[in-house]
Amino acid sequence: MNKPSMRGILLSIVLLFSIALISIPPDVYAQGINAESVGLEETTIIEFTNDSDEEINSFRIWLGADFNFKSFKTEKGWVGEKTPQGVIIFTTSESIKKGESVKFGVKTDNKNPGINWKAIDIKSNEQDTGKVLPKELPPVVENTEIKSGKTSTGAGILSDSIFRIIPEKPNAGSSIRVTGDNFGASQEFDFYIDNSKIGSFETDENGHFMTTMKIPENQDAERVDFKVKDSDGEEKRSV
């Protein structure tokens, strides 16, 4: 019986090593842009997190053939432009570095749109591209009551506090989602429509909140001013 040659053994080892390398998914080493979105009816909030080593200063988003953008909103420091081809281009002079994120809100003519996206770095190179489908918002307690006896510490409304209404233009008697970031951590706030308080809620340990509120049946739809107030009477209006 012939013993295997040294050359044959080496070839076998090389072949097995090559197969192992081919079998490793390319995403194991990939570092790019993480995209997530949540939606309610025709409104979607999409968040991009920069996991790459490059600074990102532009995002481009577009929809499939059965959807069209109706409107959009950006965070402070970002501007958006809708092209005749239906692409929205978001740009900023303050690029997002590794680990940082940015959110955009869009309204479409149909529910649950799949959003195609592309991220561009400060050198005008494409860093990543993909498509994201909106997730359902997590269940929340409607009009959370303030817990008696609890005291809050520290500032409630901060300079970069921000909250949004979903949908942006609700009807009288309908329910809305309210989500916010960069508020005082683990504190209690009141939610107002114009000068009428319609509910209260608490932020989590990161200063984030998500809750539901109901628009009164007799609410005048001509002019609606949504506000969040802290225990000191400081207020923040919706974006």
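Tutor: Let's start with a definition: a salt bridge is a side-chain nitrogen of Lys or Arg within 4 Å of a carboxyl oxygen of Asp or Glu. Keep in mind that this is a predicted model.

Student: What is the N to O distance between the side chains of E126 and K118?

Tutor: The cut-off for a salt bridge is a nitrogen to oxygen distance within 4 Å. The side chains of E126 and K118 do meet in a salt bridge, and their N to O distance is 3.7 Å.

Student: Is E126 buried or exposed, or partly exposed?

Tutor: Buried means under 20% relative accessible area and exposed means over 50%. E126 has 46% relative accessibility, so E126 counts as partly exposed.

Student: And how does K118 count?

Tutor: The band between under 20% and over 50% is the one to look at again. K118 sits at 25% relative accessibility, so its label is partly exposed.

Student: How many salt bridges does the count come to?

Tutor: Side chains of opposite charge can pair when their charged atoms come close. Going by the rule we began with, the count comes to eight.

Student: How many residues apart in sequence are the parts that D53 and K98 tie together?

Tutor: D53 forms a salt bridge with K98, with the closest N and O atoms 3.1 Å apart. D53 lies in the loop between β2 and β3 and K98 in the loop between β6 and β7, so the parts they tie together are apart in sequence by 45 residues.

Student: For the salt bridge of E54 and K123, which loop holds K123?

Tutor: The N to O distance for E54 and K123 is 4.0 Å.

Student: Is K123 buried or exposed?

Tutor: The label exposed needs over 50% relative accessible area. K123 comes in at 55% relative accessibility, so K123 counts as exposed.

Student: Over to the largest pocket: which residues lie nearest its centre?

Tutor: About 860 Å³ of space lies in the largest pocket. Strands that each supply at least two residues of its lining include β1, β7 and β12. Of the 35 lining residues, the ones nearest the centre are E75, K103, I162, R164 and D181.

Student: How many residues of that lining are charged?

Tutor: The lining also holds twelve nonpolar and eleven polar residues. The charged ones number twelve.

Notes:
Residues are numbered from 1 along each chain as its sequence is written. This is a predicted model: local features need pLDDT of at least 70, side-chain atom pairs count only at pLDDT 80 or more; totals for chains, interfaces and linings use all residues. Side-chain values use heavy atoms; hydrogens and water are left out. On a 1 Å grid over the protein atoms alone, a cavity is a set of points where a 1.4 Å probe fits but cannot get out, and a pocket is an open set with protein on both sides within 12 Å along at least five of seven lines; lining residues have an atom within 4 Å of a point. Grid points are joined across faces, edges and corners, and a volume is the space filled by probe spheres set on the points. Helices (H or I, at least four residues) and strands (E, at least two) are DSSP runs, numbered from the N terminus. Ala, Val, Leu, Ile, Met, Phe, Trp, Tyr, Cys and Pro count as nonpolar, Asp, Glu, Lys and Arg as charged, and the others, Gly among them, as polar. Buried means under 20% relative accessible area, exposed over 50%, partly exposed in between (1.4 Å probe, protein chains only).
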